[in-house]
Amino acid sequence: MTATAASAGSAARSAAARWKFWIFLLVGVLLLGLLSQLLETSDTETYGTENTDLDGYAALANVLADHAGVEIRRTYSAEITREALAEEPDAGVVVLVRGFEPEQQFLQELQAEWESGREVLWLSADTVLLSQLLGPEVQPGPAVPTGAAGTPQELAAGGQCTHPAAGAAESVQTPGGSLTAQTGCFPLGNGESFLLAETPSGLAFTAPEAFTNQRITDAGNAALALGLLGGQDDAPATLIWYTPSGADTVGADEWGSPLTYLPGWFWPLVWWLLLCAGIALFAAGRRYGPVVSEPMPVSVPAGESAEGRGRMYQRANAVAETAQVLRSAHLLRLARLLRLGRHAVPQTIAEAAARAAGRDAGEVGALLERPAVRSNEDLVSYAQALTGLQAQVTAAVRMRRSHE
Amino acid sequence: MITFRFLWAALGASALVLLMPQWIWLWLVLLLGLAAADLLTCASPRRIRVVREEPRPVRAGEHTTVTTRLENHGARSLRGWAKDGWQPSAGAANPLQKIRVAAGGSTRVQVQLTPARRGRLSSQHLTIRSLGPLGLAGRQVVHRVPQTVQVLPEFASRKHLPSKLRRLRELDGATAVQIRGAGTEFDSLRDYVRGDDVRSIDWRATARRQDAAGQHLVVRTWRPERDRRVILCLDASRTSAARIKDEPRLDGGLEAALLVGTLAARAGDRVDFLAFAREVLATASSSQRGDFLSLLSSAASQVQPGLVEADFSQLPGEIAAVSRHKSLVVILTAVDSPALHEGLLPVLPALTKKHRVVVASVQNPELVERAAARETVSDVYAAAAAERAMIEAEAVAAELGAMGVEVVQAPPEALPAALADTYIRLKATGKL
């Protein structure tokens with residue numbers, strides 16, 4: 001038997017050969033993706049402690065770790081922060097608020113921690129959000145004024161300042177907002193708003209921009225940062241760096257989700273029906289063999305050149321020439337119809353046509369010998385007049401021949 | 001490969017999921033197990049041998065049945081589907097068929113075709129889908145065994161053939177007084193019947209024929225000349241690709257060539273056909289063995305319009321190679337083409353010197369319609385352009401006529417009959 005289909009092994013080999021390029025491409029892309037995931041170490045988060053870009057805190061974090069011996073422990077949810085607080089009773093807490101709010105309940109716990117003597121520092125440029133979080137005593141204040149070139153004004157610690165770190169820093173230079181509070185450092189405006197405000201829930205610093213890799217060396221920014229986050233001898237050796245994220249708000253719904261009231265079979269059935277949809281795709285998508293192609297013939301409409309020439313006449317507004325073409329066509333046709341021979345002159349044809357159609361010879365002569373066509377309207381009426389004459393002559397000739 | 005039955009089974013099993021959702025994995029494993037069992041027990045479609053049977057040529061638009069034999073060389077009986085991969089213009093009515101081939105047995109797959117285009121239409125592969133006993137899953141394999149059916153031109157003008165043949169027969173044996181010419185031949189003597197021309201009475205033969213029974217007038221009869229040569233030259237260059245009423249100009253020319261070729265062959269003339277563009281594309285001759293109509297049809301079925309300029313300069317040489325005697329040369333081309341001045345006109349004197357030349361061309365009826373439309377400004381401009389095209393074609397025809405060439409121009413459906421009439425007239429007047 002001579003087989004008419006390739007054997008299974010050779011079919012698999014030829015399929016592999018056919019798809020070789022795509023298989024290699026897919027494997028290559030997967031490998032590259034995996035490698036880049038493994039090698040990717042840079043932190044791109046704004047104010048991230050490993051971010052070495054201009055908006056990162058990597059410089060500050062490195063100095064804290066290398067010189068002050070501070071270990072930074074990053075957390076992203078209230079739950080884990082709570083555990084960390086329990087594990088490290090002496091550690092300070094930094095709450096970096098960027099968009100997401102922390103849990104309401106955790107806020108109260110933090111307040112209690114602050115009252116019991118733990119260091120709590122709120123870091124955020126969003127003064128409105130901070131004022132909502134920190135209680136009614138705290139209100140958003142004016143922003144740090146900037147100079148003509150966008151350089152922020154340098155702010156002094158101020159007389160009211162009681163915090164030793166601010167005193168040591170003497171001044172800071174940074175863009176940012178402020179909060180109105182009873183006491184604080186780096187006053188703004190009328191002296192009631194502070195960059196570093198003391199609130200019922202802890203210290204609040206509303207210019208986190210000051211500690212970025214870009215600004216940390218300006219004025220007394222570095223001294224303030226080290227003082228606040230652990231430059232002193234009695235500073236805690238561990239810092240819990242809490243950044244509220246979406247994880248906090250997930251479980252915070254007080255309303256029960258309708259999904260929890262669904263019957264037990266609902267989700268298995270949904271998965272099963274999804275599986276059925278997949279089966280439908282595969283069952284309908286398998287076609288019977290390769291796509292069959294049809295070699296198509298060339299297709300050139302024969303009337304195309306005449307049509308194009310007509311458009312060209314119109315675009316060029318060739319009224320006189322068009323009238324001339326129509327006139328000669330009708331002269332030829334009338335000559336043939338009236339059997340005047342191929343070389344009859346227009347005058348003869350006009351006379352014969354007028355006689356046959358029973359019309360005024362002068363009128364027909366004017367039509368066939370001296371077309372007075374100036375505009376497009378003239379052209380249309382001239383063309384229709386020629387058609388009319390032709391029809392009359394045809395009818396007359398036919399009548400005469402049927403009588404003969 | 002899975003089937004829709006597998007989908008229905010899965011949807012049916014969703015009732016089980018509804019009733020016992022905790023056992024969803026069991027249902028899944030059960031379903032997959034059934035499909036896997038089906039896949040393992042189906043017959044191998046690779047063990048089928050596909051044998052194509054040679055189909056007979058068919059005319060475009062007619063029905064035919066092509067047969068493929070499937071031989072099962074496997075150990076299991078195969079149940080499933082076969083799909084024959086005919087190209088769309090072959091007009092396959094039932095390319096997908098249910099099949100059942102016993103182990104060691106064979107079956108026939110018959111596909112009905114109604115080809116819409118002439119040429120060689122083919123199916124490059126036959127796909128066999130083998131299903132398991134449950135019909136849930138199966139295997140599919142493509143057998144690349146081609147099958148080609150030759151589709152001859154439609155020859156719609158063959159309806160004219162009986163009437164034209166009758167006219168030819170009327171010439172045969174007619175008293176040839178009115179149409180006597182150099183080419184008519186003496187045929188026979190027969191008794192006078194009422195209605196014969198008295199001038200055709202052969203008095204000498206009448207005198208010899210006298211017998212006791214009475215007077216018998218004898219007339220001479222004539223028949224049209226036979227064994228003349230007709231050469232049909234079909235232009236398959238770019239001008240023949242132009243579409244007139246949804247079919248290429250070439251097809252109109254082909255129809256005319258088929259009708260005149262058949263007619264001339266029946267009338268006892270020797271007919272040669274050649275299609276050319278830059279070189280000769282196809283030839284057929286009535287001196288070949290076999291039925292001339294089928295020879296001509298199968299030669300014509302191969303010709304497709306090419307996007308090249310016709311090389312008329314080779315034409316005298318090709319015609320001389322076919323016949324050294326005086327012939328009727330019919331050139332089927334496009335008279336309204338401006339390229340004719342550079343191509344055909346210079347070689348015509350060489351042809352007309354020796355042969356009688358007829359140029360046949362398919363006219364575009366669209367031009368007449370467009371020339372008559374005079375409603376809007378655009379209409380009038382288009383009408384003028386159409387009139388100009390017709391004047392130019394007429395001028396070319398007049399020029400050809402001045403060179404002693406007969407020109408036949410007609411819309412595509414009327415051209416075969418018009419050309420046949422010209423042939424009969426030339427034959428009747430002995431001008432071949």
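**Close-up views of a predicted model**

**View 1. B:I244 stands opposite B:E247 in β14(B).** The model is predicted: local features require pLDDT of at least 70 and side-chain atom pairs count only at pLDDT 80 or more, whereas totals for chains, interfaces and linings use all residues. Residues are numbered from 1 along each chain as its sequence is written, and chains are lettered from A and ligands numbered from 1 in the order in which they are written. Helices (H or I, at least four residues) and strands (E, at least two) are DSSP runs numbered from the N terminus. β13(B) and β14(B) are joined by two bridges and run antiparallel; strands pair if DSSP finds at least two bridges between them.

**View 2. An open sheet of three strands includes strands of chains A and B.** The order is β12(A)-β13(B)-β14(B), and the pairing is mixed. The edge strands, β12 of chain A and β14 (247–248) of chain B, each pair on one side only. Strand β12 (residues 300–301) of chain A runs parallel to β13(B), to which two bridges join it. Within β13(B), B:A242 is the bridge partner of A:V300.

**View 3. The contact between the chains draws 58 residues from chain B and 49 residues from chain A.** Residues are in contact if their C-beta atoms, placed from the backbone, lie within 7 Å. Among the elements of chain B that give two or more residues to the side touching chain A are α1 (4–19), β7 (119–131), β13 (242–244) and α10 (377–402). The most comes from α10(B), with 14 residues. This side of chain B comprises 35 nonpolar, twelve polar and eleven charged residues. Here Ala, Val, Leu, Ile, Met, Phe, Trp, Tyr, Cys and Pro count as nonpolar, Asp, Glu, Lys and Arg as charged, and the others, Gly among them, as polar.

**View 4. Six strands of chain B form an open sheet with mixed pairing.** The strand order is β16-β15-β12-β17-β18-β19. Because β16 (280–285) and β19 of chain B stand at the edges with a single partner strand each, one side of each is left without a neighbour in the sheet. Strand β15 (residues 270–276) of chain B pairs with β16(B) in the antiparallel sense over five bridges, and B:F276 stands opposite B:V280 in β16(B).

**View 5. Helix α11 (residues 415–428) of chain B has 14 residues.** From its first C-alpha to its last, the helix reaches 20 Å, close to the 20 Å expected at 1.5 Å a residue; the expected span is 1.5 Å times one less than the number of residues. Its buried residues include B:L415, B:L419, B:Y423 and B:K427. A residue is buried if 20 or more other C-beta atoms, placed from the backbone, lie within 10 Å of its own, exposed if 12 or fewer, and partly exposed in between. Cover for these buried residues comes from elements including α3 (161–171), α5 (249–266), β18 (356–362) and β19 (406–410) of chain B. After α11(B) comes B:G430, whose phi is positive, near 65°.

**View 6. The axes of α5(B) and α11(B) come within 8 Å and cross at roughly 35°.** Axes are lines fitted to C-alpha atoms, for helices over the stretch in contact, and angles run from 0 to 180 degrees between N-to-C directions. Among the residues that meet are B:G252, B:E255 and B:L259 in α5(B), and B:P416, B:A420 and B:Y423 in α11(B). By class, this contact has ten nonpolar, one polar and one charged residues.

Key:
Two residues are in contact if their C-beta atoms, placed from the backbone, lie within 7 Å.
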